[in-house]
Amino acid sequence: MQYKLLIGLFLFTISCTEPEKKESEFFDNIENKAPEYKSIEDKIVRHIESSLRIPRTEKYTYTVYKSNLNGDDSLDYVITVNRLEFALQEAIVSENVAKRAEMGYMGNYNYYFYMDGLSKDISTAIAVPSSPYAELEVTFQTIKTEAYNDFTIDFRIRNSKFRRFYTIINNIPRQTFEAKIFDGLGESSVEAYAIELVPGSFSLAKDILVYKANIENVTINSVNDVYSIQPKITSTGKLDRRWYFSDPKNKYFTEN
């Protein structure tokens, strides 16, 4: 399908061209005189708006998720930001609303930040190219170690859903894996996958099992329904691929 090819090429390009950030560039480093904040929430809001250059007139949403992500016994933060209004305004300015709407307003309108719970330093904005009608979904799980959590981010591109896996290394989120959850929702050619974590084969990090799955039939009454529907997915038990974690490279690999 043409859209599936476009999505695949877009994600491949993003993953291959995203620059590696140095730790010194990654955090909101505080120098001699640190600005005063009324609260952690005040610091988060001011950092979001400054980093993304969000004007006071723009309506956007943010969500804060908390968990221990680096083993220092403090709660760390994953902060997601959604700029749907900005995406719609950009489409109007581009004078190409119909085409952008057809592609689900795909672009850099969903972001996340990482805040270290101990130092309260906040990272630069990390874009997750996706459809802004669907906000990012964050989940915490013990994956690389039982001592603390890693996290996943689910995102939508039109009628497809993907999941990215992240671990914190030297206080920086590193993507270790990406899986397709479903594609072609509402179409006859829909495909789906179920994800399972099991004890690791070659390291303490868990293996990721990707199974072919069945997905319930859904009715899409309006074009934007596709972004909010959470269809039930049931594993068929047929293994599609098993992924193994490489400690030296901090990524998942599979057999050919």
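I began with Arg242, which counts as partly exposed at 27% relative accessibility, and I kept in mind throughout that this is a predicted model. Its partner is Asp207, with which Arg242 forms a salt bridge whose closest N and O atoms are 3.0 Å apart. I noted that this pair links distant parts of the chain, since Asp207 sits in strand E10 (residues 207-215) and Arg242 in strand E11 (residues 233-246), 35 residues apart. Is Asp207 buried or exposed? I found Asp207 buried, with a relative accessible area of 1%, a value that falls under the 20% limit for that class.

I then looked up the salt bridges that share partners, and found that they join Glu137, Asp154, Lys161 and Arg163 into one network.

Next I turned to Lys180 and Glu191, whose side chains meet in a salt bridge at 3.6 Å, N to O. Here too the pair links distant parts of the chain, with Lys180 in strand E8 (residues 172-183) and Glu191 in strand E9 (residues 191-198), 11 residues apart. I recorded Lys180 as partly exposed at 28% relative accessible area, and Glu191 as partly exposed at 22%.

My last pair was Arg100 and Glu90, joined by a salt bridge of 4.0 Å, N to O. Arg100 lies in helix H5 (residues 97-102) and Glu90 in helix H4 (residues 84-94), so this contact ties together parts that are 10 residues apart in sequence.

For the whole model, I wrote down a count of 13 salt bridges.

Conventions. Residues are numbered from 1 along each chain as its sequence is written. This is a predicted model: local features need pLDDT of at least 70, side-chain atom pairs count only at pLDDT 80 or more; totals for chains, interfaces and linings use all residues. Side-chain values use heavy atoms; hydrogens and water are left out. Helices (H or I, at least four residues) and strands (E, at least two) are DSSP runs, numbered from the N terminus. Buried means under 20% relative accessible area, exposed over 50%, partly exposed in between (1.4 Å probe, protein chains only).
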